[in-house]
Amino acid sequence: MKKRIITGIIMLAILIPLLVIDVLLPVFQVVAAIYVCVGAWEMIKLYEHGKKFSWAVKIVIIISTLLTYLSGLTIWEDITTTLQINPELTVITVIDAKIGFALLMIAISMQLSLLVFSKDFDANDIGKSLASSFYVGFGVASLLALRILGIRFIAYLFMITIFTDVFAYVYGMLFGKHKMLERISPKKTWEGAIGGTIIGTITATLFAFLYGQLFPGGELNTIFDNFTEGTKSSPVLLFILIFIVTLITSIAGQIGDLVASRLKRTYDVKDFSNAFPGHGGFLDRFDSAIFASMVLLPLFIIISSISIL
């Protein structure tokens, strides 16, 4: 427990400044790239509980995952252009959409080529490799995209996933009787999942809707302002929209946790790695946030096209 607390404090001391200080955003981007490599390595080591890979294969998977991450970063540029949020941060992007698409094609081609150039790399392995590059690469890119859009968006995401996770555990301990998916995660219950979703959704919805009152002095009433031209005309519809998006993201966070659990259970391991002593690996700590961010970003794109509010 002591090791877990110390590691948690160190992680927060590093992560919080990177998230809230704009001048450190390029540093955060570099750290995210390092995390991509670490996440790819964790996926490789997980797969190696079933079958060993050569160093050449490992290097190709890690490089492909990094290229997928760089490609994924182009997603936020289109979102920023559409939503006109934080346009001053566009200087951080050094890869435009065309180059990003090319990098993605290169990443896929490199992995498919392993079927030809690596004797022990077969059809099952290509699925594992592509899953690693897309899951880790696009997942981390989605997290970074939310931060680039604004601190309030990444704070909103983490509020959803953290409150959902914490209260799912609390409600599960207090009221859990009905196992949810015992074959994947024996300790999770429907009572815990529902309780976590309710608290996470209500808390984050209120944060998003009352953002202007919580942080007065700015031009925003809610964190969803500027998504559509009509967001200020119908507060009731806007509240309903925020509630629905938050609910979906809360559920997505729990699915992300179950996805990671299923991967680990497939290979009968407790943690992806010991990168963070007492907390497991990178994917253990950010499994919910990674999956939830890949759901939240498309929702933002859809919201930006809504004009009925």
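**Chatting through an all-helix model**

Me: How many cavities of 30 Å³ or more turn up in a search of the whole structure?
Reply: The search finds two cavities of 30 Å³ or more. A cavity here is a set of points, on a 1 Å grid over the protein atoms alone, where a 1.4 Å probe fits but cannot get out. Grid points are joined across faces, edges and corners, and a volume is the space filled by probe spheres set on the points.

Me: Before we go on, what kind of model is this?
Reply: It is a predicted model, in which local features need pLDDT of at least 70 and side-chain atom pairs count only at pLDDT 80 or more, while totals for chains, interfaces and linings use all residues. Residues are numbered from 1 along each chain as its sequence is written, and side-chain values use heavy atoms, with hydrogens and water left out.

Me: Thanks! What's the volume of the largest cavity?
Reply: About 140 Å³. Its lining residues, meaning those with an atom within 4 Å of a point, include Leu 15, Tyr 35, Val 140, Leu 143, Phe 282 and Phe 286.

Me: Which helices supply at least two residues each to that lining?
Reply: α1 (2-20), α2 (25-47), α6 (123-149), α7 (151-175) and α11 do.

Me: And which classes do the lining residues fall into?
Reply: Twelve are nonpolar, with no polar and no charged residues. In this scheme Ala, Val, Leu, Ile, Met, Phe, Trp, Tyr, Cys and Pro count as nonpolar, Asp, Glu, Lys and Arg as charged, and the others, Gly among them, as polar.

Me: Zooming out, how many helices and strands does the protein have?
Reply: Eleven helices and zero strands. Both are DSSP runs numbered from the N terminus: H or I with at least four residues for helices, E with at least two for strands.

Me: How much of the protein is buried?
Reply: Buried residues make up 49% of the 309 residues. Buried means under 20% relative accessible area, exposed means over 50%, and partly exposed is in between (1.4 Å probe, protein chains only).

Me: Let's pick one. Is Ile 290 buried or exposed?
Reply: Ile 290 counts as buried because its relative accessibility is 0%. Ile 290 sits in helix α11 (residues 282-304).

Me: What does Ile 290 touch, beyond residues up to four places away in sequence?
Reply: Tyr 135, Gly 139, Leu 143, Phe 282 and Leu 283. Contact means heavy atoms within 4.5 Å. Ile 290 and Phe 138 are 152 residues apart in sequence, yet their C-alpha atoms are 8.5 Å apart in space.

Me: What about Val 36, where is that?
Reply: Val 36 is in helix α2, and it is buried because its relative accessibility is 0%. Apart from neighbours within four places in sequence, Val 36 contacts Thr 65, Leu 66, Tyr 69, Val 136 and Val 140.

Me: Where do Phe 163 and Phe 167 lie?
Reply: Both are in helix α7, four residues apart, which is about one turn of the helix. An α-helix has 3.6 residues a turn, so residues three or four places apart point the same way. Phe 163 counts as partly exposed at 29% relative accessibility, and Phe 167 is partly exposed too, at 27%.

Me: Last one: how far does helix α10 reach?
Reply: Helix α10 (residues 235-266) has 32 residues and reaches 46 Å from its first C-alpha to its last, close to the 46 Å expected. That expected span is 1.5 Å times one less than the number of residues. Just after α10, Asp 268 takes a positive phi of about 55 degrees.

How values were computed:
On a 1 Å grid over the protein atoms alone, a cavity is a set of points where a 1.4 Å probe fits but cannot get out, and a pocket is an open set with protein on both sides within 12 Å along at least five of seven lines; lining residues have an atom within 4 Å of a point.
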